[in-house]
Amino acid sequence: MGSIIKVSGIITLGCIGAFARSLIKPAGNVERTGWAILTGGALSNLYERCRKGYVVDYIGFQTSDEKLTKITYNLGDFFLAAGSILILLSEFLHNFRKGSE
């Protein structure tokens with residue numbers, strides 16, 4: 001169990017570093033927001049993993065697909081996904097604007 005916490009901690013530190021870097025370098029608000037949300041999700045999961053030894057998943061969806069219905073998430077997972085999407089969107093927009101110049 002200790003190695004999972006160590007790996008999660010290292011990844012979370014990387015997220016914090018990337019977020020700090022986005023505050024220093026000229027970056028758009030979409031990228032900064034993405035890193036902030038992603039870092040929040042990582043910190044949330046790391047805190048719960050350190051406190052309880054595991055992350056509690058409590059949000060599930062009822063669908064016609066049995067495999068999707070079995071999957072559950074927590075708020076930290078949604079923040080990780082939303083932050084990642086915003087960062088990718090920021091990169092896409094940056095490259096799109098760069099190409100149109």
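How are helices H1 and H2 oriented to each other? H1 and H2 are roughly antiparallel to each other, a label used for angles over 145 degrees, and their axes pack at an angle of about 155°. This is a predicted model, in which local features need pLDDT of at least 70 and side-chain atom pairs count only at pLDDT 80 or more, while totals for chains, interfaces and linings use all residues. Residues are numbered from 1 along each chain as its sequence is written, and side-chain values use heavy atoms, with hydrogens and water left out.

**H1 and H2**

- Helix H1 covers residues 2-24, and its axis lies 9 Å from that of H2, where axes are lines fitted to C-alpha atoms over the stretch in contact and angles run from 0 to 180 degrees between N-to-C directions.
- The crossing of H1 and H2 is left-handed, meaning that the near helix is turned anticlockwise from the far one by less than a right angle.
- Among the residues that make the contact (heavy atoms within 4.5 Å) are Ile 4, Phe 19 and Leu 23 of H1 and Trp 35, Leu 43 and Cys 50 of H2.
- By class, this contact of H1 with H2 has 14 nonpolar, five polar and three charged residues.

**H2 and H4**

- The axes of H2 and H4 come within 7 Å and cross at roughly 155°, and these two helices are therefore roughly antiparallel to each other.
- The crossing of H2 and H4 is left-handed, and the residues that meet there include Val 30, Gly 34 and Leu 38 in H2 and Phe 79, Gly 83 and Ile 87 in H4.
- By class, the contact of H2 with H4 has ten nonpolar, nine polar and three charged residues.

**The largest pocket**

- The largest pocket has a volume of about 210 Å³, and its lining includes Lys 25, Pro 26, Asn 29, His 94 and Arg 97.
- Helix H2 (29-52) and helix H4 (75-99) are the elements that give two or more residues to this lining, and H4 gives the most, with five residues.
- By class, the lining of the largest pocket has four nonpolar, four polar and four charged residues.

**Terms**

- A pocket is an open set of points on a 1 Å grid over the protein atoms alone where a 1.4 Å probe fits, with protein on both sides within 12 Å along at least five of seven lines, and lining residues have an atom within 4 Å of a point.

Definitions and conventions:
Points joined across faces, edges and corners; volume = space filled by probe spheres on them. Helix = DSSP H or I, 4+ residues; strand = E, 2+ residues; numbered from the N terminus. Nonpolar A, V, L, I, M, F, W, Y, C, P; charged D, E, K, R; others polar. Parallel < 35°, antiparallel > 145°, perpendicular 65-115°, else oblique.
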